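Q: I have not looked at this structure before. Could you take me through it?

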Amino acid sequence: MNFTTKVKKRMSDECPGFSETDWENSVKHKNSSSSPGWDRIGNSVYKNLPSMKKILLPFFNRVLKFGDFPDQFAIADLLEIYKGKGADPGLIKSFRPICLTMSAGKILTSYLANIAKNHMISNDLFSSSQKAYLDKLSGCVEHHFALDTVLEYLKIKKGSGPKEIIMIT
């Protein structure tokens, strides 16, 4: 059995169905003013048009059942945004790329990411140092401690150079 077949089987065996509650949870976190992907259907349409939910719920559940993620969800528009502020428009570094994909694909992948996160939490698979993207876990205490340590070191070693600061961080 190849890798793709294993993933498809596992998805169909272990992935619960995409419910209306899952839809609401996935859609409510999407920014309504976000730019749409190549299909030109933005998040606001999914948030405000109930018929989209009726169309996509069965489709998403079929994707989960058979493990066939639509190729269209991977198609993207790549845009370059000019940084401005005196940046030379003749240089590539004066632009910031953004990748726009279908909002429907983002709704489904956010659901799958949430399932993966919950699986990892319930099976204690995250490192104890992992803070980002986990609810109710703040890395601020550790960051403040590290910053305070660096500042204390600099008070003791007046005149420390950038190399010393980099080494202790």
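**Confidence and overall layout**

A: Within the chain, confidence is lowest in helix α7 (residues 162–168), with a mean of 51, and highest in α3, with a mean of 93. The confidence score here is pLDDT, the predictor's confidence in each residue, from 0 to 100. This is a predicted model, in which local features need pLDDT of at least 70 and side-chain atom pairs count only at pLDDT 80 or more, while totals for chains, interfaces and linings use all residues. Residues are numbered from 1 along each chain as its sequence is written, and side-chain values use heavy atoms, with hydrogens and water left out.

Q: What is the mean pLDDT of the chain?
A: The mean is 80, and 73% of the residues reach 70 or more. Where pLDDT is low, the predicted coordinates should not be read in detail.

Q: How many helices and strands are there?
A: The chain has 7 helices and 2 strands. Helices (H or I, at least four residues) and strands (E, at least two) are DSSP runs, numbered from the N terminus. Along the sequence they follow the pattern α-α-α-α-β-β-α-α-α.

Q: How much of the chain is buried?
A: Of the 169 residues in the chain, 23% are buried. Buried means under 20% relative accessible area, exposed means over 50%, and partly exposed lies in between (1.4 Å probe, protein chains only).

Q: Moving on to helix α5, how many residues does it have?
A: Helix α5 covers residues 103–122, which is 20 residues. From its first C-alpha to its last it reaches 29 Å, close to the 28 Å expected at 1.5 Å a residue. The expected span is 1.5 Å times one less than the number of residues.

Q: Which residues of α5 are buried?
A: They are Ser103, Ala104, Gly105, Ile107, Leu108, Tyr111 and Lys117. The cover over the buried residues of α5 includes α2 (20–28), α3 (43–48), α4 (50–66) and β2 (95–101).

Q: What does serine 103 touch?
A: Leaving out residues up to four places away in sequence, serine 103 touches Ile41, Gly42, Asn43 and Tyr46. A contact means heavy atoms within 4.5 Å. At 1% relative accessibility, serine 103 counts as buried.

Q: And alanine 104, what is that in contact with?
A: Alanine 104 is in contact with Tyr46, Leu56, Phe60 and Phe73, setting aside its neighbours within four places in sequence.

Q: Which residues touch the most other members of the largest nonpolar core?
A: In that core of 16 residues, they are Phe18, Trp23, Tyr46, Phe60, Ala104, Ile107 and Leu108. Two or more residues come from each of α2, α4 and α5, and the largest share, 6 residues, comes from α4. A nonpolar core is a set of buried Ala, Val, Leu, Ile, Met, Phe, Trp, Tyr and Cys residues joined through side-chain atoms within 4.5 Å.

Q: Now the rings. How many aromatic pairs are there?
A: The count is 9 aromatic pairs. Rings of Phe, Tyr and Trp (its six-membered ring) pair if their centres lie within 6.5 Å; planes under 30 degrees apart count as stacked, over 60 as edge-to-face and the rest as tilted. In one of the pairs, phenylalanine 18 and phenylalanine 60 have ring centres 5.0 Å apart and planes at 75°, so they are edge-to-face.

Q: Where do those two phenylalanines sit?
A: Phenylalanine 18 is in the loop between α1 (3–14) and α2, and phenylalanine 60 is in helix α4, 42 residues apart. Both phenylalanine 18 and phenylalanine 60 are buried.

Q: What about tyrosine 82 and phenylalanine 95?
A: They form a tilted pair, 5.4 Å centre to centre with 50° between the planes. Tyrosine 82 lies in strand β1 (residues 76–82) and phenylalanine 95 in strand β2, so the pair ties together parts 13 residues apart in sequence. Tyrosine 82 is partly exposed, with a relative accessible area of 40%, and phenylalanine 95 is partly exposed at 26%.

Q: Last topic: what is the phi of arginine 40?
A: Its phi is near 65°, a positive value in a residue other than glycine. Arginine 40 lies in the loop between α2 and α3 and is exposed, with a relative accessible area of 56%.

Q: Where is aspartate 124?
A: Aspartate 124 is in the loop between α5 and α6 (140–156). Its phi is positive, about 50°, although it is not a glycine. At 66% relative accessibility, aspartate 124 counts as exposed.
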